[in-house]
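Me: Could you take a close look at one part of this model with me? I would like a friendly walk through a single spot and then through what surrounds it.

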Amino acid sequence: MTSTTAPKGWQRLAVLAFWLAVWQLAAMTLGHGGLFLATPWQALQALARLLPTAEFWQRIAFSALRILAGFALAVAGGLLLGAGSARWQGLRLLLEPLMQLIRAMPVASFVILALLWVRGANLSVVVSFTHVLPVVYAGVLAGIADTDAQLLEMARVYRLPLAARLRYIWLPGIFPAFCESCIAAMGMCWKSGVSAEVIGLPDHSVGDALYRAKITLSTPDVFAWTLVIVLLSALLSVAAARGLRAAKRRLCGEVRA
C-alpha cells in the first residue's frame, strides 16, 4: 500500500517552469512573432498593458456581476429543486429529463436559442444559470441521500424541532456534496458565461474583448484575457469554498468542514 503526500512548493514551481518552457519552445517553433502562439512573455506584457486601463476593469465588473448573478440564482434554484425532488418522487421524475437535456446541450446551441429570448447584455446570466443548475441540483440530491438515516429516525422518535434537524442533521449531511458541486460549478459558470459573451458579443464584456482580440490577430491579448478568465475562475472557486465552510461553521457550530 503506497502513501501519497502533497507536492511541495518547489515541486509545484518546477512543474510550472516545465510547462512554461514547453509553451516557450512551441511558440518559438511556430515563429511569426507570436502570431499563431504568443510566448509567455508576450502574454504577460499584454496583461501588464491591460491592467492599468479603466476599460479592463469595467469589462471584468460587467462580466463578473452577470455571471455571479447567474451562479447565485442557480444555487438557490438547485437547493429548492433538489430538496423538493428528494421529498417528492413525482417532481424528481419530472425534472430529470430537463436536467439531462441541459447537461447534454452544447453551450453554443443554447446561446443561439437564448439570444431569441433575452438581450445580449443579460445572456451570460441565463447561460450561467442553466449550466450551473444541474450541477448544484445533483449535489443537493447526493447530499440528502448521504444523510444518516439513523439520525433522522432518532430525530423523529424524539420529536426534534425542524430547526434543530436542519442545523444538526440535514446541513452537515448535505454540505460536503453541496460544497463540491458549488466549487465545480463556479469553474463551469465562468467558462459557459464567457463563451456566451463571445457569441452574443455584449458591449463592455470580457467575451467581447476576447473576440475583438481574435479578429484583430492580437494573439498576446487573446492569451492575456484567457489567463484573466482562468485566474478569476480559480480565485472565485477558492472564495466560494471558504465562504461555504464559514457558513457551515456559523450554522452548524463546527470548527472545520
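Leaving aside neighbours within four places in sequence, which residues is Ser205 in contact with?

Reply: Happy to. A word on the basis: this is a predicted model, in which local features need pLDDT of at least 70 and side-chain atom pairs count only at pLDDT 80 or more, while totals for chains, interfaces and linings use all residues. Residues are numbered from 1 along each chain as its sequence is written, and side-chain values use heavy atoms, with hydrogens and water left out.

Ser205 is in contact (heavy atoms within 4.5 Å) with Arg59, Phe62, Ser63 and Glu197, its neighbours within four places in sequence being set aside. You will find Ser205 in the loop between H8 and H9; helices here are DSSP runs of H or I with at least four residues, numbered from the N terminus. With a relative accessible area of 0%, Ser205 is buried (under 20%; exposed is over 50% and partly exposed in between, using a 1.4 Å probe and protein chains only).

For contrast, take Ala48 in helix H2. Ala48 has a relative accessible area of 47% and is therefore partly exposed.

Now to the interior. A nonpolar core is a set of buried Ala, Val, Leu, Ile, Met, Phe, Trp, Tyr and Cys residues joined through side-chain atoms within 4.5 Å. The largest one has 39 residues, and those touching the most other members are Ile60, Phe71, Val132, Val136, Phe178, Trp190 and Trp225. At least two residues of this core come from each of H2 (40-50), H3 (54-87), H4, H6, H8 (162-200), H9 (206-215) and H10 (219-252). H8 gives the largest share, 10 residues. Not counting residues up to four places away in sequence, Phe178 touches Val75, Leu79, Val136, Gly139, Val140 and Leu244. There is also a second, separate core of six residues, including Phe110, Val111, Ala114 and Ala196.

Finally, a helix pair. The axes of H4 (residues 89-104) and H6 (residues 123-146) come within 9 Å and cross at roughly 135°; axes are lines fitted to C-alpha atoms over the stretch in contact, with angles from 0 to 180 degrees between N-to-C directions. The contact involves Arg92, Leu95, Glu96, Met99, Ile102 and Arg103 of H4, together with Thr130, Leu133, Pro134, Tyr137, Ala138 and Leu141 of H6.
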